[in-house]
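Hi everyone, thanks for coming along. Let me put the model up on the screen, and then I'll walk you through it.

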Amino acid sequence: MTDAKDERRPAGELEATVMAALWAAGVPRTPGQVQADLAVDLARTTVTTILTRLHDKGVVDRERQGRGYAYFPVEDAPGLTARRMHSELDRDTDRETVLARFVARLSTDDERVLRELLEGGEQ
């Protein structure tokens, strides 16, 4: 990893990489274990910072393991996406317009799935 600001990763990419490692593991992982699981070269302190931020956001939880913590996701990937969608919806006071515009931009297939879910087949 270089220090050049031009080569910085996009916002959220490191968090997504760490979350993917936690989901793949399926068990609580320490920062050192997560670091070893990653395909990218990150310092353990960087991984610890990312995990701490994810914990502060409520995306992961942790349990005491030795002198540190082992982290685990609180939701699967679809659950996390749904949580983000709710957060975005909660940021606007005109929920009806936001929802109307969201639905208007759905593909035909997504609209069909949403219609089926609303008619009773929740997954």
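**A quick tour of the chain**

So, the chain has six helices and two strands, where helices are DSSP runs of H or I with at least four residues and strands are runs of E with at least two, numbered from the N terminus. From the N terminus on, the order is α-α-α-β-β-α-α-α. A word on the source: this is a predicted model, with local features needing pLDDT of at least 70, side-chain atom pairs counting only at pLDDT 80 or more, and totals for chains, interfaces and linings using all residues. Residues are numbered from 1 along each chain as its sequence is written, and side-chain values use heavy atoms, leaving out hydrogens and water.

Of the 123 residues, 18% count as buried; that is under 20% relative accessible area, with exposed over 50% and partly exposed in between, using a 1.4 Å probe and protein chains only.

Now the largest pocket. It holds about 700 Å³ of space. Here a pocket is an open set of points on a 1 Å grid over the protein atoms alone, where a 1.4 Å probe fits, with protein on both sides within 12 Å along at least five of seven lines; lining residues have an atom within 4 Å of a point. The volume is the space filled by probe spheres set on the points, which are joined across faces, edges and corners.

Which residues lie nearest the centre of the largest pocket? They are Ala 82, Met 85, His 86, Phe 102 and Leu 114, out of 18 lining residues. Helices H4 (77-90), H5 (95-104) and H6 (108-118) are the elements that give two or more residues to this lining, and H4 gives the most, with seven.

On to charges. The count comes to seven salt bridges, each a side-chain nitrogen of Lys or Arg within 4 Å of a carboxyl oxygen of Asp or Glu. One of them joins Glu 15 and Lys 57, at 2.9 Å from N to O. That pair links distant parts of the chain, 42 residues apart: Glu 15 sits in helix H1, and Lys 57 in the loop between helix H3 (44-56) and strand E1 (60-65).

Glu 111 is partly exposed at 31% relative accessible area, as is Arg 115 at 47%.
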